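Please read them with the structure open.

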Amino acid sequence: MKKIKQFAMKKIADDYILIPRYETAEEMSDVITLSETAAYIYQLVDQCETIAKLTEQVSRYYHIDAAVIAADIEDTLHQLAAAGLITLSS
């Protein structure tokens, strides 16, 4: 997994906003709003080699059993990939 576009992340109220930077700003003018959890997952993408490792990190951070949140994390990753923000393959 890795990020494939460059964004600056800003916290505004309870939301996290991804603002396109550099070449990404030329390709898209939209800003993307993420929940706190989705923003945390997005930040971990480059640090975790697998979905399992990312799930483990999120599990520890939120003190929730990994088995309980695994499907939600995978869904979030697929949404980030569908939006063109990350790639799920190495």
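1. In this predicted model, helix α2 (residues 36–44) packs against helix α3 (residues 51–62) at an angle of about 135 degrees, and their axes lie 10 Å apart. Angles over 145 degrees would count as roughly antiparallel and 65 to 115 as roughly perpendicular, so α2 and α3 are oblique to each other. Their crossing is right-handed.

2. On the α2 side, the contact with α3 is made by E36, T37, Y40, I41 and L44. On the α3 side, the residues are L54, Q57, V58, Y61 and Y62. By class, this contact of α2 with α3 has seven nonpolar residues, two polar ones and one charged one.

3. α3 also packs against helix α4 (residues 66–82), at an angle of about 120 degrees and with the axes 9 Å apart. That angle makes α3 oblique to α4. The crossing of α3 and α4 is right-handed.

4. For the contact between α3 and α4, α3 supplies I51, L54, T55, V58 and S59. The partners in α4 are A66, I69, A70, I73 and L77. Sorted by class, the contact of α3 with α4 has eight nonpolar and two polar residues, and no charged residues. L54 and V58 of α3 are also listed in the contact with α2.

5. Turning to the strands, there is an open sheet of three, in the order β2-β3-β4, with antiparallel pairing. β2 and β4 (32–34) are the edge strands, each pairing on one side only. Within this sheet, neighbouring strands are turned against each other by 30 degrees on average, direction ignored.

6. Strand β2 (residues 7–12) and strand β3 (residues 15–20) run antiparallel and are joined by six bridges. M9 is opposite L18 in β3, and I12 is opposite D15 in β3. The two strands form a hairpin with two residues between them. In the turn, A13 has a positive phi of about 60 degrees.

7. How confident is the prediction, by average pLDDT? The protein averages 88, and 90% of the residues score at least 70. Confidence is highest in α3, at 96, the helix that packs against both α2 and α4. Confidence is lowest in helix α1 (residues 22–27), at a mean of 64. Where pLDDT is low, the predicted coordinates should not be read in detail.

How values were computed: Residues numbered from 1 in each chain as written. Predicted model: local features only at pLDDT ≥ 70, side-chain atom pairs only at ≥ 80, totals over all residues. Heavy atoms only, no water. Axes fitted to C-alpha atoms, helices over the stretch in contact; angles between N-to-C directions. Helix = DSSP H or I, 4+ residues; strand = E, 2+ residues; numbered from the N terminus. Parallel < 35°, antiparallel > 145°, perpendicular 65-115°, else oblique. Left-handed = near helix turned anticlockwise from the far one by under 90°. Contact = heavy atoms within 4.5 Å. Nonpolar A, V, L, I, M, F, W, Y, C, P; charged D, E, K, R; others polar. Pairing = 2+ DSSP bridges. pLDDT = per-residue confidence, 0-100.
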